[in-house]
Amino acid sequence: MLIHGGQAASRGFYRSLFIFSQHPPHHSVSPPLLRLSPLERCSVILLLPSPFPRRRWTTKRALRFLCSLPAESYEPTPALRFSQRVADGSDKARLDAWLASRMETVSRARIQASIRAGLVLVNGNPVKKVSQVIRKGDWVDCSVAELEPLRAKPENIPINIVYEDAHVLVVNKPPHMVVHPAPGHPSGTLVNAILHHCGFPAVGLNVGDDSSDAEDDAIDLHCDEFDELLTDKRSAVYDDSMASTSIRPGIVHRLDKGTSGLLVIAKASDVHSHAHLAEQFKAHTIHRVYISLTAGVPIPSSGRLEIPIARDSNNRIRMTAVPCLNNNRRARFAASRYRVIEVLAGGGSALVEWRLETGRTHQIRAHAKYLGIPLLGDEVYGGTEGMVLSRLQPKTPSSYHSHLFDIVSNIQRPCLHALTLGFRHPRTGEDVKFSCPPASDFTEVLCALRKIGTKTETSPV
């Protein structure tokens, strides 16, 4: 248990806290605290906005202090509560995974945050280890607080601007940068950098629950594909002078955190440009070309995939290709075209070009897995270190195996890059197209695999 400000308390205080949480004296406590459960009363008391007085805590003094607290000090934050016993016959499971499978409207990330905050009890004892193993007969109590509104503040973060005018920006997003603020990434995002670059004020974001830790490969904020990522749609408003104006800070499509490459952003002051670009994404008229490094070579070497995509029922942060749309009502139509540009490492890998006809969540990654060629470094979709080596090593001389291990173990993200982006300029009506080379880590892996052996299928990138 932690006291606000790190101040320690005596055993008497903790004894008083327990008594107070279980049986608060009704004659001296304001009604709001009595409406809370014992777990919530403990949480409220331990997270008071002001430090506790520095005194020697006796049981009597601590109870008197707790009873004297004004109602506004502990008005509860609305929370989702869950309480259930682990059924007999159940296999042992991780606490976070067990809760996530039963609290379907709450993301696993929020559940893990609640565990770390001490808001989850197992058999009456607070647990702060998300991987805690629970067994049959265990009683689990969980309280998940409502998400607090985020504020996206301007941050002086360097960004690579490929093109800019008064209406739009085209940015080359580096790998490992999140596009939009979320509960797990409130700062350091592309939106924070754009706000600073354009000289806009801070943006207050009413953020729904993130269903995944990743951004989308390409997703239109104006169409229903956005619901695939979030439980509730996001909205944003400028504070102060624009507090009543509903806006989105320029983002009309997104890339995974690990994906590098081109994004077009409408300047927030130009509502027309934002709406026009969003409409192009909705109509699928945006020209988008991606390149990836895959484990194995697709057969045939080029083709068109028309496989619906749905959220994986066993892992909410992952999507899955569903061959028959009728088998899953949540599956959405998805179409991708691909072609092999180079066969690498004797056939153990390939440089593959992708052209998207739709923009579903993780579309390329899910379709690549369906083809049996997961992206290098994409552990979520099967591109684990062991799997990649099992494809590369049989195709290469044993003298390269040690070098291959070094290459694969140094890959820190899915090898996917948004190479080309074309659209109709929302103001001039001109068709514009931009390209940018892959990030250095992608290029290093590509060059290393080329040295082992390459066969060009078409003109190289």
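Helices (H or I, at least four residues) and strands (E, at least two) are taken here as DSSP runs, numbered from the N terminus. The model is a predicted one, so to speak of local features a pLDDT of at least 70 is needed, side-chain atom pairs count only at pLDDT 80 or more, and totals for chains, interfaces and linings use all residues. Residues are numbered from 1 along each chain as its sequence is written, and side-chain values use heavy atoms, with hydrogens and water left out.

By that count the protein has 12 helices and 22 strands. Of its 461 residues, 50% come out as buried, where buried means under 20% relative accessible area, exposed means over 50%, and partly exposed is in between (1.4 Å probe, protein chains only). The protein exposes about 21,500 Å², and carbon and sulfur atoms supply 51% of that area; accessible areas come from the Shrake-Rupley method with a 1.4 Å probe, and for residues only the protein chains shown count as cover. As for contacts (heavy atoms within 4.5 Å), residues 24 or more positions apart account for 70% of those with a separation of 6 or more.

Now to the strands, which pair if DSSP finds at least two bridges between them. Strand S8 (residues 160-164) and strand S9 (residues 168-173) run antiparallel and are joined by four bridges. A hairpin of three residues links S8 to S9, and tyrosine 163 stands opposite valine 170 in S9. S9 also pairs with S13, again in the antiparallel sense, over six bridges; here leucine 169 faces isoleucine 265 in S13. S13 in turn pairs with S20 in the parallel sense, over two bridges, with serine 260 opposite histidine 417 in S20. Seven of the seven residues of S13 are buried, so this strand is largely enclosed by the rest of the structure.

Isoleucine 265 turns up again in the largest nonpolar core, which has 29 residues; Leu190, Ile265, Tyr290 and Trp354 have the most contacts inside it. Each of S9, helix H7 (190-198), strand S13 (260-266), strand S18 (335-344), strand S19 (349-356), helix H9 (363-370) and strand S20 (416-424) supplies at least two residues of this core. Apart from it lies another core, of 24 residues, among them Ala345, Leu376, Leu404 and Ile411. A nonpolar core, for the record, is a set of buried Ala, Val, Leu, Ile, Met, Phe, Trp, Tyr and Cys residues joined through side-chain atoms within 4.5 Å.

Helix H7 also holds asparagine 192, which counts as buried because its relative accessibility is 0%. The asparagine 192 side chain reaches the backbone nitrogen of glycine 188 at 3.4 Å. That is a polar contact, meaning a pair of N or O atoms within 3.5 Å; within protein, one must be able to donate a hydrogen and the other to accept it, and residues adjacent in sequence count only if both atoms are side-chain atoms. Leaving aside residues up to four places away in sequence, asparagine 192 touches Ala152, Lys153, Pro154, Glu155, Ile157, Pro181, Pro186 and Ser187.

Another polar contact, of 2.5 Å, joins the side chains of aspartate 256 and arginine 365. Aspartate 256 sits in the loop between strand S12 (246-247) and S13, and is buried, with a relative accessible area of 2%.

Some backbone details are worth a look. Histidine 176, in the loop between S9 and H7, has a positive phi of about 75° although it is not a glycine; at 43% relative accessibility, histidine 176 is partly exposed. Histidine 284, in the loop between H8 and S14, likewise has a positive phi, near 60°, and is partly exposed with a relative accessible area of 34%. Just after helix H6, glycine 118 takes a positive phi of about 80°. A cis peptide bond, with omega about 0°, joins isoleucine 299 and proline 300; proline 300 lies in the loop between strand S14 (287-295) and strand S15 (302-306).

Finally, the cysteines. With a disulfide taken as a pair of cysteine sulfur atoms within 2.5 Å, the count comes to zero. Cysteine 142 is buried, at a relative accessible area of 0%, and cysteine 436 is buried too, at 6%.
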